[in-house]
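Please keep the model in view while reading the points.

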Amino acid sequence: MTSPVSSPGSFRGSSGRPRIVVVGAGFAGYQTARNLSRTLRGRAEIVLLNPTDYFLYLPLLPQVAAGVLEPRRVTVSLPGTLRGVRLVLGEANRVDLDGRAVHYTDPEGTTGELAYDRLVLAVGSVSKLLPIPGVAEHATGFRGLPEALYLRDHITRQVELAASGGNPADCTARCTFVVVGAGYTGTELAAHGKMYTDALVRRHPAWPRHLRPRWLLLDVADRVLPGLSEKLSRTADEVLRARGVEVRMKTSVKESTHEGVLLDDGEFVDTRSLIWCVGVRPDPLVSELGLPVEKGRLVVTPQLGVPGHPDVFACGDAAAVPDLTRPGEFTAMTAQHASRQGKVAARNVAASLGLGTAVPYKHNDLGFAVDLGGVKAAANPLGVSLSGPVAGAVTRGYHLAAMPGNRVRVAADWLLEAALPRQAVQLGLLRSWQVPLDTASPELARTPAGPGKE
Ligand SMILES: Cc1cc2nc3c(=O)[nH]c(=O)nc-3n(C[C@H](O)[C@H](O)[C@H](O)COP(=O)(O)OP(=O)(O)OC[C@H]3O[C@@H](n4cnc5c(N)ncnc54)[C@H](O)[C@@H]3O)c2cc1C
C-alpha cells in the first residue's frame, strides 16, 4: 500500500492529510475508527467525536444495574485503546452536508465545528417512547451507564427503605419492580434484578416473611425474547419462572402514576419502579439530516454509503442496512451487526480514498447469548441451543472475547461475585430527574445547566 490517499476537492486538516470524522464511538464507530487507523497508518487524520471518553459495552449493562460488575468494567477507554485516532469530546447537534462540517457541543457547553472529507455516522439509538400516559414521567429507560447506576441505587434503596419498616402497603410497593419489554435487555434485567433483590433481602435478619421482592416482566408479544428462536425463549422463560419472576406475556401498561402502573388487563400494580425496555429508536440526529430514513434509520447502500452523498457513510443501529442474507429486510439492531458493519465502513471509506476496494456488508447471524444471572444463560452459538451452566460459560466467554478491552477486570469481578457476597450499597449519586426516559443523550446524566453540562 504505497499510493497516497487522495480526495478530489478535499478539505485538508492542519496535518495536510484528508480528515475522516466518525460520529459516535459505540460498537460501529469504535470498529470504524480502529480499522481505519490500522488500514490508513497515518495517511489520513481520523477524528472520533463522542460525548464520553469511553466505548460502552452495552450487553453487560444489566450486570451493572444488579451490582455484579463495577460500572467502569463495562467501559473501554477510547484514547487508551485507539492509537492514531484523535478523540473530540462532544455531541454532534447538526451536520452540514453541503458545507461538509459537523457542529458539536462539548461537555462544558462550548460549541465547535469539524470539517470533513469523509463522514461516518454511527450514533446508535435511544429508548423508544410510546404514547402511554405517565410513562415518560415515571419510567426509567435502560440505554446508558447513568440509568444503570441510577437503577442499581434505586433498587437497593427501595429494599432498604422497605426493611426499615413503615406502612405495609408502601413496603409492598417498594419491593415490586415492573419491567416492560421482554427482549434481551428486559429479560436479562428482570433475571438479574430478581437475584439481586433476593440477595439484598437475605442481609436483613428481621425481614418479614410475607414480603418477597416481586418482579414482573411484561410484553405484548406471546413469549419472552420474541425476536429470537423459540428454544432460547423457552429456556429463558423456564429460568425466569423458576427464579420467581412473574412472566406476563400479551400484557402491557395502560397508564403509569406515582403510585403504580395500570396494566391493560385491568390490574393495578403498586410499585415505585417501572423500567422501560420496550426497544430503541435511532438517535434523533439522523432524522434531522433531511435524508431518506426507514423506521427512523438512515437509508444506506449495501456498501454503507448514503445515496447521493459519496463522502458520507453510516452504520450500526442508526443505519438501515440492507440484509443481503434476507432480501427485502434490514439488519437487526444488534451489537454483532454494528461492530461488523464498522469494519466494513472502515474498509469502504479507505476505498473511497483510493486504498483497496469497497465490499457490500453481508453477515449471517452467529447466534445469540442471553445472560440470566448466576450460572444460568440461554445461548445458541452457531445455531446450537444451549442452556444451564454450559450456556452460562459460553455466554461469559463470548462477552470476554467480544469486549475490546478490560477483559481481565470483568473476569475478576465475575470470580469475586462467585466467591464473595455481592457488595450492595447505594451511593445515591444520581436522582430520577437526571435520567429522564425522553432523552436523546442516554449516555449523559442531566444536570441543572442542561443535558451533560456542568
Ligand atoms: C442494555 C442493552 C443490552 C444489549 N444487549 C445486547 C446483546 O446481548 N447482544 C447484542 O447483539 N446486542 C445487544 N444490545 C444492542 C446493542 O448494544 C446495539 O445494537 C449496539 O450498541 C449498536 O451499536 P451502535 O454503534 O450502532 O450504537 P451504540 O453502541 O449505542 O453507540 C452509539 C455511540 O454514539 C454516541 N452518540 C450518540 N449520539 C451522538 C451524537 N449526537 N454525537 C456524538 N456521538 C453520539 C453514543 O454516545 C455512543 O457512544 C443491547 C443494548 C442494550 C441497551
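1. The structure is a predicted model, in which local features need pLDDT of at least 70, side-chain atom pairs count only at pLDDT 80 or more, and totals for chains, interfaces and linings use all residues. Residues are numbered from 1 along each chain as its sequence is written.

2. The domain assignment of the protein gives domain 1 (19-51 + 90-127 + 281-352) and domain 2 (135-278 + 424-443); such bounds come from an automatic or database domain assignment. Between the C-alpha centres of domain 1 and domain 2 there are 33 Å. Six residues from domain 1 and nine residues from domain 2 form the contact, where two residues are in contact if their C-beta atoms, placed from the backbone, lie within 7 Å. The side of domain 1 that touches domain 2 has three nonpolar, one polar and two charged residues. In this classification Ala, Val, Leu, Ile, Met, Phe, Trp, Tyr, Cys and Pro count as nonpolar, Asp, Glu, Lys and Arg as charged, and the others, Gly among them, as polar.

3. Helices (H or I, at least four residues) and strands (E, at least two) are DSSP runs, numbered from the N terminus.

4. The helices α1 and α10 pack at an angle of about 35°, and their axes are 7 Å apart. Axes are lines fitted to C-alpha atoms, for helices over the stretch in contact, and angles run from 0 to 180 degrees between N-to-C directions. The contact includes F27, Y30 and L36 of α1 and A338, K343 and R347 of α10. Its residues divide into eleven nonpolar, eight polar and two charged.

5. The axes of α7 and helix α8 (residues 230-243) come within 10 Å and cross at roughly 25°. The two helices are therefore roughly parallel to each other (angles under 35 degrees). In α7, T187, A190, A191, K194 and M195 meet A236, V239, L240 and R243 in α8. Six nonpolar, one polar and two charged residues make up this contact.

6. Helix α5 (residues 145-163) and α7 have axes that come within 10 Å and cross at roughly 35°. From α5, I155, T156 and V159 meet G193, Y196, T197, L200 and V201 in α7. The contact of α5 with α7 has five nonpolar, three polar and no charged residues.

Key: Angles under 35 degrees count as roughly parallel, over 145 as roughly antiparallel, 65 to 115 as roughly perpendicular and the rest as oblique.
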